[in-house]
Number of protein chains: 2
Amino acid sequence: MLTLHYLSDSRAHRIAWMLEELELEYTMKVHRRRPSGLAPRELERLHFLGKAPLLEDGDLVLAESAHIVEHLLDTRAPQLRPDPASAPEQARSHRYWLHFAEASFAPPLIMKHLFDKVRERTPSLLRPVTGIVPSMLGKAYLDDTLAKHAAFVDSHLRDREFFVGDAPSGADFMMIFPCEAAAARYGGRYSALLDYVRRVHARPAYKRARKRAGVPYMYD
Amino acid sequence: MLTLHYLSDSRAHRIAWMLEELELEYTMKVHRRRPSGLAPRELERLHFLGKAPLLEDGDLVLAESAHIVEHLLDTRAPQLRPDPASAPEQARSHRYWLHFAEASFAPPLIMKHLFDKVRERTPSLLRPVTGIVPSMLGKAYLDDTLAKHAAFVDSHLRDREFFVGDAPSGADFMMIFPCEAAAARYGGRYSALLDYVRRVHARPAYKRARKRAGVPYMYD
């Protein structure tokens, strides 16, 4: 028995997409962020860190997107994980993207997102002042890093329908979230990345997940 | 033939520790950060993203800490990865920490670190101004998140010598870097976390890695 704890505007959407793509039976519990933007306290009753996604599988409560994706690959869809013996390069690529998504690609995008939130919550007269640190960090680190990451992903996707192989794999379920964030922010500059996000958004399983959650999603 | 590209003050140190712990033969190439803090351009000749650690294994050039750790576990030390068949809970725990290290624990610590760098590079009269955004983000998100993460890790380590099992595993090689960062910043508040970092720093393999790199490390 699978229960997905889905938090509005969060990485939980990637797990919903995966569950729909695998056509698994599951219950979805939708939680909404507090006005502060933080996750609601009720998630802390399930897991110390109180974040989402969380997946309950029987007695197990699993946190951390990639851990959930790997658990579902192992227990429900081993065929989606490239076999290191017969396809070593695909297996390495699959694992690389599984880690790259959250360890490298997402953090600077999230930092930009948080800077935007600060900006939104700042009276307009003060924005030149609150823009100083984001602008310093942007010039010193963020902008170059993000441009490099996006170009890297864009070039990988230029001749591929999915990250690895010819069907969605764990790499896609992990990469979709930062790809959506990058496409929303820089899409025009990276057409293969933007096309990829549009292809995923057009998939029936992705649409079913959106419909089932029934709450707005910032990357719709 | 293994070659580790070691960048000063970086996550590369965890891979050096792992290679020493496994007593593998390898070449270490030490690269120094530019005055801006960025990695030197020469790393871009090896990998598009130009970051470290990078591990060359024969013709392969591997990037992304966790990908390198998993590659070494697979090819050089499968006994360090808990067996899902005979120890399913340990295997899940191992994989959880492998992802948690960079996906959850490191990003807010890195954000704090970048804010510190901005502060250092700001003339002191301007610091109240450049402190506004870090302080707003700290109150809204960073401080609570970091306190939760550190308490979570601290509580896990309270009755354990290592993250999983009774010898260093992939989970330790991944977790040491953000644990060092958290201990340097908040150590006094989290004694199990601090003791863990001290235990690792006292290991002969860790010391050999530090000596071999021969450059200062911010978490010494």
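Visitor: At what angle do helix 2 and helix 6 of chain B cross?
Guide: This is a predicted model, and in it the axes of helix 2 (residues 65–76) of chain B and helix 6 (residues 170–186) of chain B cross at roughly 155° and come within 10 Å. Angles over 145 degrees count as roughly antiparallel, so helix 2 of chain B is roughly antiparallel to helix 6 of chain B.

Visitor: Is that crossing left-handed or right-handed?
Guide: Helix 2 of chain B passes helix 6 of chain B in a right-handed crossing.

Visitor: And which residues meet there?
Guide: From helix 2 of chain B you have Ser65(B), Ala66(B), Val69(B) and Leu73(B), and they meet Gly170(B), Phe173(B) and Met174(B) of helix 6 of chain B. By class, that contact has five nonpolar, two polar and no charged residues.

Visitor: OK, another pair. How do helix 5 and helix 7 of chain B pack?
Guide: Their axes are 7 Å apart, at an angle of about 70°. Helix 5 of chain B and helix 7 of chain B are therefore roughly perpendicular to each other. Their crossing is left-handed.

Visitor: What makes the contact?
Guide: Helix 5 of chain B brings Ala150(B), Val153(B), Asp154(B) and Leu157(B), while helix 7 of chain B brings Ser191(B), Ala192(B), Leu193(B) and Tyr196(B). The contact of helix 5 with helix 7 in chain B has six nonpolar, one polar and one charged residues.

Visitor: Switching topic: what domains does chain A have?
Guide: The domain assignment gives domain 1 (2–81 + 207–213) and domain 2 (88–203).

Visitor: How many residues are in contact between them?
Guide: 16 residues of domain 1 of chain A are in contact with 19 residues of domain 2 of chain A. The area buried between these two domains is about 1600 Å², with carbon and sulfur atoms giving 64%.

Visitor: Which residues of domain 1 lose the most area?
Guide: Arg11(A), Arg14(A) and Trp17(A), which together make up 42% of what the domain 1 side buries.

Definitions and conventions. Residues numbered from 1 in each chain as written. Chains lettered and ligands numbered in written order. Predicted model: local features only at pLDDT ≥ 70, side-chain atom pairs only at ≥ 80, totals over all residues. Heavy atoms only, no water. Axes fitted to C-alpha atoms, helices over the stretch in contact; angles between N-to-C directions. Helix = DSSP H or I, 4+ residues; strand = E, 2+ residues; numbered from the N terminus. Parallel < 35°, antiparallel > 145°, perpendicular 65-115°, else oblique. Left-handed = near helix turned anticlockwise from the far one by under 90°. Contact = heavy atoms within 4.5 Å. Nonpolar A, V, L, I, M, F, W, Y, C, P; charged D, E, K, R; others polar. Domains from an automatic or database assignment. Buried area = accessible area lost by both parts, 1.4 Å probe.
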